[in-house]
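Open the model in your viewer and keep the selection tool at hand. We will walk through it one stop at a time.

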Amino acid sequence: SDDCWVHHCLIYPPHRISASAPGVYEGTGIQFAGDASVPAQGSFRGIVAFCRIVNMLKDGVQFEYAPWGTVFSCTFTTAVSGAWETSAVQFCYASSDGICYDCNCDMNNTVSTRGYKSHGCASIIFGLNISSFAVLSGIWIDSHDYSANDNIVIGNRMYGTADIAQYGISVEGTNASRNNLIVGNNITNHSIGIRVTSASANMYRTHIMNNTIYGDRLADPSVERGIFIDRSQFNFIIGNHIDNIGNATMNTNAGIYLYGNCDYSVVKTNTMRECNFPLRTAGSAGDGYPDWCVFTDNFADFSLAQTSTFFNINGSTYLIIARNTVVRMNNYGVTIDGAADYIWIYNNEFLVCGDDTLHRFAAGTNIYVYYNAGWITENILLSGTFTIDAVGTKTVTVAHNLGDVAHAYQPYTPAKEQFAVTVVEDTAVDDWRFDLLKVSSVTAANVVVKVHVNVASATGGATAKIGIHVFTGLPNSAGGL
């Protein structure tokens with residue numbers, strides 16, 4: 001039964017097949033079913049177009065062991081559901097290479113509903129569809145007993161109801177799930193906008209790009225996240241806009257949240273507005289931690305009167321955090337906890353942070369922090385004057401400002417070798433000499449420099465100053481900060 005067309009149909013209501021409890025597939029509007037023993041031979045190439053399916057109990061259109069199916073320009077609505085999940089369109093069990101585009105479904109906040117579903121299929125395209133008020137997810141891709149590789153989710157619109165809708169887009173890798181592309185989707189009012197999760201180590205290379213996610217500040221904010229990656233490696237999270245995620249009463253929400261073994265991920269050029277915790281990494285001994293990840297060129301702003309921290313790092317190692325811009329955070333720029341180690345934080349702009357820019361807890365010893373605007377780990381100083389009209393050793397004390405708790409949670413005492421000092425002219429005379437210039441001592445507040453004048457100036461009252469550069473947290477410094 002190859003090359004089947006179904007078009008311009010109204011099917012209502014397909015769930016009323018019998019008065020008894022429906023079977024697994026009863027209540028499906030249109031089904032293309034192949035042979036489970038030889039799924040590759042189920043080459044239906046079924047096409048469904050310009051149909052309206054109302055009150056389906058199972059699926060509006062379903063392909064099972066039936067690859068190369070196409071559904072376009074159809075509308076679906078339901079207000080009923082049974083023991084089995086209800087979807088507008090489902091590709092299941094090796095029904096790979098399918099396309100669903102330009103469809104519209106309204107699931108009316110009915111329990112156990114998903115907008116569009118791929119269950120154990122590869123190379124499925126969901127494009128330019130609308131999913132409204134599906135409770136479980138707008139689009140759901142699950143590898144199940146097969147692979148779920150090479151799927152494309154592009155340009156879809158998912159809309160849910162606050163505290164009801166769970167996931168806008170969910171990709172689950174109980175088996176292999178690799179090379180999936182999620183791009184240009186618009187997601188509103190879901191507990192998690194985009195969710196990528198795996199129970200194994202077989203999920204790789206998920207591309208999440210140019211999506212817009214708007215949250216609803218849930219009554220239970222512990223589950224609210226813009227993008228949540230759970231044990232998936234080599235992820236590319238680029239150019240997304242995430243807005244209105246989180247709540248001050250919980251600290252497990254996040255704009256972008258990497259959990260567990262999410263190694264080798266790139267998080268770049270995302271904008272996060274009104275997210276209590278724009279970026280977060282976490283994990284456990286069993287699930288691992290996100291290591292070897294890069295977070296660069298992201299933008300965050302938070303104007304609400306609630307707890308907010310730009311980046312909360314828990315347990316991760318080998319992270320690069322660079323060139324990010326943080327306009328406002330009420331609490332911290334970066335917090336480091338859970339024995340995180342080997343963290344490089346540089347060239348970021350922290351414009352306004354209400355408490356500490358760096359709040360360091362039980363982190364490791366290799367935290368490198370340097371060249372960040374609004375965060376004093378380097379300084380250029382000019383001392384007061386010292387006299388050069390008499391021979392002798394002059395002692396000059398200068399505040400280095402690196403122990404200021406407004407910039408670092410742990411007051412930091414630089415090492416003597418982190419200072420570079422030179423003599424700066426004050427009185428315009430050249431008839432004096434010095435034969436000793438050294439950093440004598442450093443405290444949490446000051447650096448003490450000694451100069452020995454061995455040839456005095458003939459000009460009475462002549463003075464000079466000390467110029468000081470201090471550099472801390474550099475990657476070639478043992479242990480950084």
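Two strands count as paired here if DSSP finds at least two bridges between them. Keep in mind along the way that this is a predicted model.

**Stop 1**

Select strand 45 (392–399), strand 48 (residues 446–455) and strand 47 (433–442). These 3 strands make an open sheet, ordered 45-48-47, with antiparallel pairing. Which strands are at the edges? Strand 45 and strand 47 are, each pairing on one side only. If you ignore direction, neighbouring strands in this sheet are turned by 20° against each other on average. Now zoom in on strand 45 and strand 48, whose antiparallel pairing runs over 8 bridges. To see the two face to face, pick A399: the residue opposite is N446 in strand 48.

**Stop 2: aromatic pairs**

Next, show the aromatic side chains. How many aromatic pairs does a search of the whole structure find? The search gives 22. Start with F72 and Y101, a stacked pair with 5.4 Å centre to centre and 10° between the planes. This pair links distant parts of the chain, since F72 belongs to strand 7 (residues 70–72) and Y101 to strand 10 (residues 99–101), 29 residues apart. Is F72 buried or exposed? F72 counts as buried because its relative accessibility is 14%, under the 20% cut-off. Y101, with a relative accessible area of 34%, is partly exposed.

Move on to Y116 and F126, which form a tilted pair, 6.3 Å centre to centre with 45° between the planes. Y116 sits in strand 12 (residues 113–119) and F126 in strand 13 (residues 125–127), so their pairing ties together parts that are 10 residues apart in sequence. Y116 and F126 are both buried.

**Stop 3: charges over rings**

Now select R225 and F228. The charged end of R225 sits over the F228 ring, 4.4 Å from the ring's centre. For another such arrangement, go to F277: R280 lies over the face of its ring, at 4.6 Å from the ring centre.

**Stop 4: around T296**

Finish at T296, in strand 33 (residues 293–296). Its relative accessibility is 6%, so T296 counts as buried. What does T296 touch, leaving aside residues up to four places away in sequence? Show V267, K268 and T269, then A322, R323 and N324. Last, draw a C-alpha to C-alpha distance from T296 to N348: they are 8.9 Å apart in space and 52 residues apart in sequence.

Technical notes
Residues numbered from 1 in each chain as written. Predicted model: local features only at pLDDT ≥ 70, side-chain atom pairs only at ≥ 80, totals over all residues. Heavy atoms only, no water. Phe/Tyr/Trp six-rings, centres within 6.5 Å; stacked < 30°, edge-to-face > 60°. Helix = DSSP H or I, 4+ residues; strand = E, 2+ residues; numbered from the N terminus. Buried < 20%, exposed > 50% of the residue type's maximum accessible area, 1.4 Å probe, protein only. Lys NZ or Arg CZ within 6 Å of the ring centre and 35° of its normal. Contact = heavy atoms within 4.5 Å. Axes fitted to C-alpha atoms, helices over the stretch in contact; angles between N-to-C directions.
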